[in-house]
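Morning, everyone. Let me put today's protein on the screen, and then we'll walk through it.

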Amino acid sequence: KSLPEASTGLEPTGQPTTKEERNAWPWWKVKKWAAQIMTRLFSRYGIPNYAEDEVKEFAKYFSQNIAPSFLGPVCETLNLRPSGQFCTDRVVHLCLNFVDLAVELAPTYKLLKPHMDFLLYKVCFPAMCLTEEDIEEFENDPHEFVHKQNSPLADFYDPRMSAITLVTSAVKYRGQDTMQPLLGFLTEILGRYNSTEEAGKNHIEKDCALLMFGSLSEILISKKKYATELEGLMVSSVFPDFNSPVGFLRCRACWMVQRFSEIPWSDDGTHLRNLIQLVLQRLSDPALPVQIEASKALRFLIEVEGADVTLLPVLPQILNEYFRIMNEIGNDEVVAALQVIIDTFGEHIEPHAIALVTQLSSAFKNYVDAGEDDDDAAMAAAQCLECINTVLKGTCEHPELYKGMEPHLIPLVLQIMGNEGEYLEY
């Protein structure tokens, strides 16, 4: 059922004009529940092989007769935005989840196949693009941007996440039909960006193309014919973005490192050394989201053979940058990255052990003081304890260091165990 704009006077009348009011409008809520029920039924009965024994017969009937009939209204709903009409994020998210399930099932994919270009390029690609609101948040409220980008709840409401999942499923299950055209589409976008004058470059489009490439990283790396091309992709389309004037492209470049850190480098090690230097520079980037992604990226580069030669001489500076970022925002992935550094360079950490425990204890207290409602801080606090544990394990053969750590560890232990009636679950 179509939901016309209020200006048309058609039934149902009275559709609001603001996004927030539309989300709360009963008619859009009805669509949301319809999409959710269809998706829930499909996930339970759509693929007979996954169904429980007692419902297998029903699942066979559902997959062959009922599920295909849902595709028409789902695709019509997904066509609303490409045709210039409004659709709530939640409804788009649920409809994409339905299509994601339908790609794997033969009877429904047979009906979807002629429309895959539309779904991938007209629905998924725009859904994955940064919005003007995202960019404004990146620039003016970076803490909230980081929180949203790392929220585990995004899988349950964000169309961008469901679009990524659908693209990945399309390549995984129907790669023979989708892989080459999709890679051609993305390569064309990157080529166009590189050949366009600065004033005419479409930064949002490039960011989305890299997001799609990165989302397919496991599949691309696992196939030799694609893996050999990834070095060229990184050098030509990612390396330059580390110094881009566009903040979200610098952020995406750091994210791409996390996705493609395992690719083989064919040169004498120059590319890897350059990449490490580029990431290290971004640890002190003026934009907080870039700092966060750079700190996470370094975790992956540390494990690459030959990286220690570049990183060890600047280890103290790296540790200082991590603590500065941790003081700025509670993010468990940043602390987890620091833990990997400590674990990897264990024998070189001893001179910094007391300073590390001091900083981690202070960060733990700050995160705990943020309150129970700050989930990011709570997760970062727990990760701080893991990090302290790693430091202690690495210095167990040097008990003389413990004396300098005790003044910081004892109050922390008392706080966790219930000093003054307080009890923390860590």
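Start with the surface. The protein exposes about 21500 Å², and carbon and sulfur atoms supply 52% of that area. Accessible areas here come from the Shrake-Rupley method with a 1.4 Å probe, and for residues only the protein chains shown count as cover.

A word on the source. This is a predicted model, where local features need pLDDT of at least 70, side-chain atom pairs count only at pLDDT 80 or more, and totals for chains, interfaces and linings use all residues. Residues are numbered from 1 along each chain as its sequence is written, and side-chain values use heavy atoms, with hydrogens and water left out.

Now the whole fold. We have 22 helices and zero strands. Helices (H or I, at least four residues) and strands (E, at least two) are DSSP runs, numbered from the N terminus. The C-alpha atoms fill a box of roughly 75 × 60 × 50 Å along the principal axes. Of the 426 residues, 50% count as buried. Buried means under 20% relative accessible area, with a 1.4 Å probe and protein chains only.

Next, helix α21, residues 375-394. Asp 376 sits in this helix. What does Asp 376 contact, leaving aside neighbours within four places in sequence? His 147 and Gly 330. Contact means heavy atoms within 4.5 Å. With His 147 there is a side chain to side chain polar contact, at 2.6 Å. A polar contact is a pair of N or O atoms within 3.5 Å; within protein, one must be able to donate a hydrogen and the other to accept it, and residues adjacent in sequence count only if both atoms are side-chain atoms. Asp 332 is 44 residues from Asp 376 along the chain, yet their C-alpha atoms are separated by 6.9 Å.

Is Gln 383 buried or exposed? Buried, because its relative accessible area is 18%. Not counting residues up to four places away in sequence, Gln 383 touches Asp 332, Val 335, Ala 336 and Gln 339.

That leaves one contact figure for the whole protein. Among contacts between residues at least 6 apart in sequence, 69% join residues at least 24 apart.

Thanks. I'll take questions now.
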